[in-house]
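Q: Could we go through this structure together, one piece at a time?
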Amino acid sequence: MAFTTTMLSWSIIEYGKRLGSQTAAARTAVRWGTDYLLKAAGGLPNRLYVGVGDPNADHNCWERPEDMDTPRTVYWVSPTAPGSDVAGETAAALAAAAIVFRSVDGNYSNRLLSAAKKVMTFAQTYQGKYSDSVGAVCPFYCSYSGFKDELLWGASWLLRATNDISYLNYINSLGANDQADIFSWDNKFAGARVLLARKALVDKDKTYDAFRVQAEDFFCRILPNSPSSSTQYTPGGLMYKLSSSNLQYVTSISFLLSTYAKFMASSSHNFNCGNLLVTSNTLRNLAKKQVDYILGQNPSKISYMVGYSANFPKRIHHRGSSLPSKASHPSHIGCQEGFQYLNSNNPNPNILTGAVVGGPDQNDGYSDDRNNYAGSEPATYINAPIVGCLAYLAGSYGSG
């Protein structure tokens, strides 16, 4: 949730002008997230709340949000049970959102930045993986990449929000030099490097040149024709990273491609992957190809954005979409009773317009089946990054 908030904020920061009439709606969505994160940070310095609801109990029910009666167990991290990863991401979300609201609601922006600093201090002071402290989050959202990437990410956003050089000094002391060929809610190395590289490209500040080099190493691992590419592509041209909700990696990496292309274009910068010359258009064209694939230009001719075009997934793995609405079925639908709707062959009665699902397999195949949760489940962290991509491409190619 915090990663969603950070990425939607970054979309507004980079592409607010291109979002046009959607900017206010995007800000409202960010505020929905940050209002919650401010409450979650309210127990500091002793507690940062990181989740509500027993994930196993919730997964054992298929019921509407309005009918939920599973335990609302509250989970938190603390000095003795630390979670630098979830805290670093929460700090990033609050700091990025502080930038979003700076020009429209100064008081709220100040509250966000103040909370971001407190959460970041907590992340730095009490170091550890949240999934070691809060066992219930595994196997759902284990911290596989550790927490150094979130310390880097949180500090990078606070540096962007404050220009306080102490955050740069902290970043340089971290030694967060892991190579990366992925970007997601779990692994932030590439995102932080692109964010920091902006200073080298747009502001021409050579202090940040090492981050530019690391960012370009990441892109050399993504580009299909690069000699150092470690990224698989489907026969239809889609990036393929992991089998579960692969489109989350596609949208997040496409956001970085779009954003770095923007930085490169503004500074007339090119770079090389071995003998391959990479221009801003190289990155933009790959981002466009990925977004076009998601929207229906693929071998199956399916739009993986629900409600977009005539052919889109009709049986997505989503409780509220698959169960009858309260209007059509006012009486309570119990925990186990709802599974008849999960296992039904009927299309979902409520269309979750705009949601991007997990997507096809490595051979471009897709099964429109609710039980295919790796492919048919939508998630906010799949959607948030594509907002920036779409705004960038609409601005670059026109809105047609």
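Q: Is proline 347 buried, partly exposed or exposed?
A: Proline 347 counts as partly exposed, at 47% relative accessibility, where buried means under 20% relative accessible area, exposed over 50% and partly exposed in between (1.4 Å probe, protein chains only). This is a predicted model, in which local features need pLDDT of at least 70, side-chain atom pairs count only at pLDDT 80 or more, and totals for chains, interfaces and linings use all residues. Residues are numbered from 1 along each chain as its sequence is written, and side-chain values use heavy atoms, with hydrogens and water left out.
Q: And what does proline 347 touch?
A: Leaving aside neighbours within four places in sequence, proline 347 is in contact with Lys314, Arg315 and Arg370, contact meaning heavy atoms within 4.5 Å.
Q: Switching to serine 267, which helix is it in?
A: Serine 267 lies in helix α11, residues 247-267, where helices are DSSP runs (H or I, at least four residues) numbered from the N terminus.
Q: Is serine 267 buried or exposed?
A: Serine 267 is buried, with a relative accessible area of 15%, and it touches Leu201 and Lys204, not counting residues up to four places away in sequence.
Q: What does the side chain of serine 267 reach?
A: The side chain of serine 267 reaches the backbone oxygen of phenylalanine 263, at 2.9 Å.

Notes:
Helices (H or I, at least four residues) and strands (E, at least two) are DSSP runs, numbered from the N terminus. A polar contact is a pair of N or O atoms within 3.5 Å; within protein, one must be able to donate a hydrogen and the other to accept it, and residues adjacent in sequence count only if both atoms are side-chain atoms.
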